[in-house]
Amino acid sequence: TAEADKATADGQPEKALEAWRGVLDIVPRHRVALEQIQELEALMKDFARQLADAEKLMDQAQFEEADGCLQNCLQLIPQREKPRNMLETCRQRAHVYGVAFSQATLSAKQRLLRKAERQVDAALAQAPNSADAMALAEELSETLKRTKQLVDEAHNHLTHAEFGNVSASICEIDRLQVDNESLSELKVQLNQIHQAYVTSMQDAKSAEGARDLGRAAQAAEKALKFCPQSSDVKSLLKRVKEDQKKAQKLLEELPWLLPAARFEDAEALAKQIGKLWATIEGLKEATDTLVKNRSGYYEHIESSERVKAQGTLEEALREAELALAVSPESPEAKKSVKGLKERKARAGCLLLEIVAATRAARFEEADVKLPQTDDLWPDLDGLAEARDNLARCRGEFPRVMLAAGQAQTEKDLAKALQAADTAVSFCPESEEALAGRGRHRGDCSRRRRG
């Protein structure tokens, strides 16, 4: 019992309990031992409970209650160092927690959420199960999640060029969290992108109005780089691209109108292209070609008609062929060239008939066809020569034929044959001249034989 009393006095309840149990081994119904064992077990149980409660209370930031439990532990067993050490730790944790939580609360009120988050983490490090700290941490987490969502929404609004919504998101972020790391950058982006986008869109709209579609597309694509989801710039760019495509297609059609001399249609098409895309590459060259071809074509056509009226049909044909060279599919030029060539061909046939009639001494027939030929093609090659030959033969052939007849009457056969040869030289296909020459040759042969 003395050992048990000493252990109790020394604050060693476990050792005292062991000693009293040794007494019971000797005297099983020892009243004092039984009472002491019961008291010691109750004391140790109460001590352990108070110590555990203190740990739990400190984790819950109930430091005053934990302090009371630890004070109770020291009253139960004053010699124990653990509750004394825990008491010191409790008071340190209470101080650190109180400062951190107070700062976190203040920072939260000041909307310094990142700072508050770090401070509440420091508080939770001292009291991980603190309801207040966990509630504040949850509130901060939700608010930070909301600000992140607002930042994402602001960036999305920027891509759509919804600058008013971006400003609204920035104001809401600023209201919730002044220390948001994206806030200042977002403000700079809003200012820069807004200014650049507006400038580019103004340039694009101005160029579109001036029908400078190349510059409009370039400015719109620049705006699209700043705000790639902008419906306004997408719509503008779509219009510009469609007009460019239409203008390009029409420009490809324009040259096909020139060979047919459809200059009015080509001019109207060029104006239509200019209204769509005034600065399209190739329009000036095509317009210059149109002006040049139209001028050259009508110059040759008008010249052809003018010299045709003057009777210079060879020049008229040449001018018509030059017009056809400018516009090879022109119905007007084709018709003119065809008509002139057919007319020349008819004149050529008549000229051959005149020559044949002259050679056959059919002067009346030649006289009829000569003015017809002259009406068809006055400057036909060979016509003047045929006219002169007809006049010469008409004058000489009868005279020579008369001389041949007289010489035959006079029995001057040599002279008659010479005159007949001369007549044939004038009209080599004249049946009368050929027959006379045959008779005269026969007479001369018979005389030589006789």
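Where is the place of alanine 61 in this predicted model? Residues are numbered from 1 along each chain as its sequence is written. As the model is predicted, local features need pLDDT of at least 70 and side-chain atom pairs count only at pLDDT 80 or more, while totals for chains, interfaces and linings use all residues, and side-chain values use heavy atoms, with hydrogens and water left out.

**View 1. Alanine 61 in its loop.** Alanine 61 sits in the loop between α3 (31-59) and α4 (63-76), helices being DSSP runs of H or I with at least four residues, numbered from the N terminus. Its phi is near 65 degrees, a positive value in a residue other than glycine, and alanine 61 is buried, with a relative accessible area of 19% (buried means under 20% relative accessible area, with a 1.4 Å probe and protein chains only).

**View 2. Alanine 161 in its loop.** The loop between α7 (131-159) and α8 (163-176) holds alanine 161, whose phi, near 60 degrees, is positive although the residue is not glycine. Alanine 161 counts as buried at 17% relative accessibility.

**View 3. The largest nonpolar core.** This core has 51 residues, and Leu158, Phe163, Tyr197, Ile273, Ile280 and Tyr297 have the most contacts inside it; a nonpolar core is a set of buried Ala, Val, Leu, Ile, Met, Phe, Trp, Tyr and Cys residues joined through side-chain atoms within 4.5 Å. Its largest share, eight residues, comes from α9.

**View 4. Surroundings of tyrosine 197.** Leaving aside neighbours within four places in sequence, tyrosine 197 is in contact (heavy atoms within 4.5 Å) with residues including Ala161, Phe163, Phe226 and Val233.

Technical notes: Helices (H or I, at least four residues) and strands (E, at least two) are DSSP runs, numbered from the N terminus. Buried means under 20% relative accessible area, exposed over 50%, partly exposed in between (1.4 Å probe, protein chains only).
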